[in-house]
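Please have the sequence and the model open side by side.

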Amino acid sequence: MTARALTSSEREAVSNWLKPGLAEAFFAQSEADQRHGYHAALSVVASGVSTDEVIVAALVHDIAKRHARLGAVGRSVASVCILLGLPLTERMRMYRDHGIIGARELGALGAPSLAIDFALHHHRTRPPTIEPSTWETLVEADQPPKPSAMLGRRITSTAE
């Protein structure tokens, strides 16, 4: 709820990591989802085992959440309804199914197979197409950042 917009240097880093179609989809997300994807990418870079494909997977794994058009409160309500098995609105179903929707969208945008597989499976178990160490890196990156871990960290691209 308190996520701030990416700075111009952060947006530039994302643009350097993503090809144009993926970048446009990334920037169509809410500020909070952009910030989450960016923090996931930073976590991957900080892990020391990053490759461009792993960074892209971290950035775009939640790309389809934007289609549900749910804010923080709507997402919270949807999450509770999903957990309790309550009826879902169409937008809540889109939120629940963002991995499936995102995998299709990423495929259409020409994303790397790792990004497609991680988007599809990131709330499930590791598929055989993703190496265990890569899976662990991406799952860890998907966790909310620890405030103290992000202080002073500023990474603009892997090329530096």
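This is a predicted model: local features need pLDDT of at least 70, side-chain atom pairs count only at pLDDT 80 or more; totals for chains, interfaces and linings use all residues.

## Two helices side by side

Let's start with helix α7, residues 98–108, and helix α8, residues 113–121. How do their axes cross? They come within 7 Å and cross at roughly 165°. Angles over 145 degrees count as roughly antiparallel, and α7 and α8 are therefore roughly antiparallel to each other. The crossing of the two helices is left-handed.

Which residues make the contact? From α7 come Gly99, Ile100, Gly102, Ala103, Leu106 and Gly107, and they meet Ala115, Ile116, Ala119 and Leu120 of α8. Sorted by class, this contact has 7 nonpolar and 3 polar residues, with no charged ones.

Now to the charged side chains: the structure holds 6 salt bridges. One of them pairs Glu10 with Arg35, where the closest N and O atoms are 2.8 Å apart. This pair links distant parts of the chain, since Glu10 sits in helix α1 (residues 8–17) and Arg35 in helix α3 (residues 31–47), 25 residues apart.

Are these two partners buried or exposed? Residues under 20% relative accessible area count as buried. Glu10 has 9% relative accessibility, so Glu10 is buried, and Arg35, at 7%, is buried too. There is a further partner to look for here: salt bridges that share partners join Arg4, Glu10 and Arg35 into one network.

Helix α7 comes back into view with the next pair. Arg66 and Glu105 form a salt bridge through their side chains, with an N to O distance of 2.5 Å. Here, too, distant parts of the chain are linked: Arg66 lies in the loop between α4 (52–60) and α5 (72–84), while Glu105 belongs to helix α7, 39 residues apart. With a relative accessible area of 15%, Glu105 is buried.

## A pair of sequence neighbours

Finally, have a look at Arg96 and Asp97, whose side chains meet in a salt bridge at 2.9 Å, N to O. How accessible are these two residues? Arg96 has a relative accessible area of 40%, so Arg96 is partly exposed. Asp97, with 24%, is likewise partly exposed.

Definitions and conventions:
Residues are numbered from 1 along each chain as its sequence is written. Side-chain values use heavy atoms; hydrogens and water are left out. Axes are lines fitted to C-alpha atoms, for helices over the stretch in contact, and angles run from 0 to 180 degrees between N-to-C directions. Helices (H or I, at least four residues) and strands (E, at least two) are DSSP runs, numbered from the N terminus. Angles under 35 degrees count as roughly parallel, over 145 as roughly antiparallel, 65 to 115 as roughly perpendicular and the rest as oblique. A crossing is left-handed if the near helix is turned anticlockwise from the far one by less than a right angle, and right-handed if clockwise. Contact means heavy atoms within 4.5 Å. Ala, Val, Leu, Ile, Met, Phe, Trp, Tyr, Cys and Pro count as nonpolar, Asp, Glu, Lys and Arg as charged, and the others, Gly among them, as polar. A salt bridge is a side-chain nitrogen of Lys or Arg within 4 Å of a carboxyl oxygen of Asp or Glu. Buried means under 20% relative accessible area, exposed over 50%, partly exposed in between (1.4 Å probe, protein chains only).
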